[in-house]
Amino acid sequence: MTRFATFAGVTVLSLVSFVLTLAWSWWFALPFALFAVLTIMGVYDVTQTSHSILRNYPVLGHMRFFFEGIRPEIRQYLIESDQDEEPFSRDDRSLVYQRAKGQEDARPFGTRQRVYDAGYSWVTHSVQPVHIEDFDFRTTVGGPQCSKPYSASLYNISAMSFGSLSANAIQALNTGARKGGFAHDTGEGSVSRYHKAGGGDLIYQLASGYFGSRAPDGSFDPEKFRETASLDQIKMIELKLSQGAKPGHGGLLPASKISPEIAEARGVPMGKDCVSPAAHSAFSTPIEVMEFLGKLRELSGGKPVGFKLCIGHRREFMCMVKAMIETGITPDFIVVDGTEGGTGAAPVEFSNHVGMPMIEGLTFVHNTLRGANLRDHVKIGAAGKIVSAFDIARALALGADWCNSARGFMFAVGCIQAQACHTNHCPVGVATQDKIRMRALDVTQKSERVARFHRNTMEALGEMTGAAGLHHPSDFLPYHLMLRQGDQSMAEGSDVYAYLPEGFLLDDGAEDYHGHKSRWGRARAETFARAG
């Protein structure tokens, strides 16, 4: 019966306090009130049926739930090491904070990385380093069918919607993008008044909900799209097929969470649940995807148009590449998101076990386009836990033309990785619609941090590029990377992530590298279904 001792103790103390209050002093009313509340809690605990631990350990059992509630904070601040990645290590977060604040980001006494453990990687350097003065690294996005190409920074803000992030966070990010001269992806929530207030370059993301271009029945409305895409702030159009956080999964924004500002941005009515279907309604075949992209390019007045996806069935991506060849319509860019992406709340199974990691997805997309002789026409963006100059250099070496980061810029704007994004209780006002919480985020100050983080990261990338003996980050190739495979073995990046020959998928006599050609043979432009 010792499990009821705490309950019995507070009951006795409440009775004693009550007697002392009546017999001696009203000051004892304070402990009486406290112990009476605990006694009532204990009575409730032994009678409720939802929690077995409270039924067996009344009052005391609440300690378990208290410590369970603060477990993430205890682990983050007291237990985890600087290298534990859950999901971002303290080292990574500190690097972003230091660069965003303009603080010293050098570290004394050598690396804390385990350089002899499998998985460690590094960039090879040259005995003749190059001095680089201009760190404004850019790539031009826009193929032969694009009449308004865009000069994009090599590092941009990845897709995060207004609604997922607060108004102040969106405005700070976009203002920072304007100050730093880089782009900000709107996410699927469309263009809000806070994006416009920032004045920075935008990549308008169009997802299955067609927000900002949505007809009353939820279908795509060409005229609304034309109106939205005509904004001077919008520099590129991104069709979202899937995202790393929850590939193949739709979404629902309950009516209770739709504010007038969210309804205005998305073009949805108040008082009704807002559904983002898992699949698009505007197309269903690879050829229709390309035709839709061509339509978006025309409606936008010739702006660069592309699509974003997390690789799933590799054959399905090859179906779209075959559709590019058959229709003659090619996207201006493809953004490869990795399953390690995660600004969107998702079911645990999707976060942990659905979708291809960014590095494998990037190399597959890059080599498929090379194999189809389309790589020179299509630029590739990469997204997935990219927060440092090394992360960018590695992605560029493996085939990317530029990189996007969501959580990196969230850290720059003040995120502390509390992982309460889906609760509306973000402690720093980044991922919440609570106006009291979001007022803690000062737009002017945080926008400076966003711009400063980008600038300092580009400078670090330039220094790393020069150390490798290169003149521009786009010159990084797989052989500039080394990968630790075990205690006594290492491999050159070109041996692990080789660039496959151009046109090999179209050459009947070419080698079937890693099963690419057999998979190509099963792909069809007319359908996503497997041939045969």
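Predicted model: local features only at pLDDT ≥ 70, side-chain atom pairs only at ≥ 80, totals over all residues.
Mentor: Quick ground rules: local features need pLDDT of at least 70, side-chain atom pairs count only at pLDDT 80 or more, and totals for chains, interfaces and linings use all residues. Residues are numbered from 1 along each chain as its sequence is written, and side-chain values use heavy atoms, with hydrogens and water left out.

Trainee: Why is Ser17 called buried?

Mentor: Buried means under 20% relative accessible area, exposed over 50%, and partly exposed in between (1.4 Å probe, protein chains only). Ser17 has 6% relative accessibility, so it counts as buried.

Trainee: Which residues is Ser17 in contact with, leaving aside its neighbours within four places in sequence?

Mentor: Those are Phe28, Pro31, Phe32 and Phe35, where contact means heavy atoms within 4.5 Å. Ser17 and Pro31 sit 14 residues apart in sequence, yet 6.4 Å apart in space, C-alpha to C-alpha.

Trainee: And what makes Leu60 partly exposed?

Mentor: Leu60 comes out at 41% relative accessibility, so it lands in the partly exposed class. You'll find Leu60 in the loop between helix H3 (52-56) and H4; helices here are DSSP runs (H or I, at least four residues), numbered from the N terminus.

Trainee: Why are H6 and H18 called roughly perpendicular?

Mentor: Their axes, which are lines fitted to C-alpha atoms over the stretch in contact, with angles from 0 to 180 degrees between N-to-C directions, cross at roughly 110°. Angles of 65 to 115 degrees count as roughly perpendicular, under 35 as roughly parallel, over 145 as roughly antiparallel and the rest as oblique. So H6 and H18 are roughly perpendicular.

Methods:
Helix = DSSP H or I, 4+ residues; strand = E, 2+ residues; numbered from the N terminus.
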